[in-house]
Amino acid sequence: MRLVASDIDGTILRRDGLITERTVRALAACEEAGVELVFVTGRPARWLTPLVEQLGHAGTVICSNGALVYDLEAMEVVSAEGIRRAIMLEVRDIVRGIFPESTFAAETPTEFVMETAFAEPRHRSLLEQVRHGELEELVTGDEVVKFMAKIEGISSDEYIRAVAPHVAHLVSVTHSAVDLTMLEMAPLGVNKAVTLAEYAHALGIAPGEVVAFGDMPNDVEMLTWAGEGYAMSSGHPDALAATELHAPGIEDDGVAQVLERKLAGLRLAG
């Protein structure tokens with residue numbers, strides 16, 4: 001184990017917004033043992049506060065499902081790969097043709113923009129905080145690192161099954177939200193595993209030396225790429241089906257349990 005790659009939400013960060021002390025200790029112990037630590041998340045760079053405040057993490061984070069790499073210490077973007085504007089609008093038209101009631105939003109390296117209808121009644125305060133309106137006016141370049149489509153009345157699994165076959169030649173599409181039906185789209189060929197593989201290669205670390213953790217469909221590629229990919233027992237069926245290795249659920253500090261066992265093995269081997 002030379003590199004630990006962990007998802008955030010539903011993997012180490014509970015729904016109450018907390019990372020347990022046991023998990024904090026286990027992650028710190030990895031770094032103390034000389035094991036590299038990188039977080040790989042669907043979150044944008046502006047939502048990494050829990051890592052800073054609860055873990056004191058100041059390293060690299062792979063964000064937006066692999067489309068953006070961010071340096072928390074320097075507080076700057078290391079690299080970003082965007083969806084071409086024309087492709088984004090084409091995908092929007094395809095999805096809207098299948099589900100006319102879909103609404104859309106886009107994440108760039110610097111901001112979040114959305115169609116006005118994307119804000120649910122409970123989130124109308126968002127309209128005062130972000131630019132909203134028509135996508136053609138909000139996005140003028142090829143800088144979108146995550147494109148989102150949202151709908152009500154069906155599950156995320158149903159949504160992606162209906163939409164993915166029609167847009168998979170244009171974008172990478174996945175989902176990770178627990179409490180709403182939303183698709184997350186990245187540039188074609190980009191996912192967590194692709195960017196993690198590049199990051200590990202730059203460090204001279206082979207896939208077999210990587211231990212990864214995740215809980216949702218957007219983690220599947222990462223879990224299958226890593227030498228040891230652990231799906232959280234509390235996770236989505238797709239994540240659990242992707243690997244034979246299952247960590248205890250997040251409420252049982254599953255990541256910490258696995259890391260404690262792995263670190264004990266390293267100490268014995270040393």
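First, the conventions. This is a predicted model, in which local features need pLDDT of at least 70 and side-chain atom pairs count only at pLDDT 80 or more, while totals for chains, interfaces and linings use all residues. Residues are numbered from 1 along each chain as its sequence is written, and side-chain values use heavy atoms, with hydrogens and water left out.

Let me start with the pocket. A pocket here is an open set of points on a 1 Å grid over the protein atoms alone, where a 1.4 Å probe fits, with protein on both sides within 12 Å along at least five of seven lines; lining residues have an atom within 4 Å of a point. The largest pocket holds about 1200 Å³ of space, the volume being that filled by probe spheres set on the points, which are joined across faces, edges and corners. Its lining comprises 44 residues, and those nearest the centre are Asp-9, Trp-47, Ala-177, Asp-179 and Leu-180. Strand E9 (146-151) and strand E11 (181-187) are the elements that give two or more residues to this lining. Helices (H or I, at least four residues) and strands (E, at least two) are DSSP runs, numbered from the N terminus. E9 supplies the largest share, three residues. By class, the lining has 18 charged residues (Asp, Glu, Lys and Arg), 15 nonpolar ones (Ala, Val, Leu, Ile, Met, Phe, Trp, Tyr, Cys and Pro) and eleven polar ones (the others, Gly among them).

How accessible is Lys-192? Its relative accessibility is 0%, so Lys-192 counts as buried; buried means under 20% relative accessible area, exposed over 50%, and partly exposed in between, with a 1.4 Å probe and protein chains only. Its side chain makes a polar contact of 2.5 Å with the side chain of Asp-219, and reaches the backbone oxygen of Val-40 at 3.0 Å. A polar contact is a pair of N or O atoms within 3.5 Å; within protein, one must be able to donate a hydrogen and the other to accept it, and residues adjacent in sequence count only if both atoms are side-chain atoms. Not counting residues up to four places away in sequence, Lys-192 touches several residues, among them Asp-7, Asn-65 and Met-222, where contact means heavy atoms within 4.5 Å.

Asn-65 itself sits in the loop between strand E3 (60-63) and strand E4 (68-71). Its phi is positive, near 55 degrees. Most residues other than glycine have a negative phi. Met-75, in the loop between E4 and strand E5 (76-80), likewise has a phi near 55 degrees. Buried or exposed, where do these two residues fall? Asn-65 is buried at 6% relative accessibility, whereas Met-75 is exposed at 54%.

Another loop residue is Arg-14, placed between strand E1 (3-6) and helix H1 (21-32). Arg-14 is partly exposed at 23%, and its side chain joins that of Asp-16 in a polar contact of 2.6 Å. The C-alpha atoms of Arg-14 and Glu-251 are 7.5 Å apart, although 237 residues separate the two along the chain.

Finally, consider helix H3 (residues 85-98). The buried residues of H3 are Ile-87, Met-88, Leu-89, Val-91, Arg-92 and Val-95.
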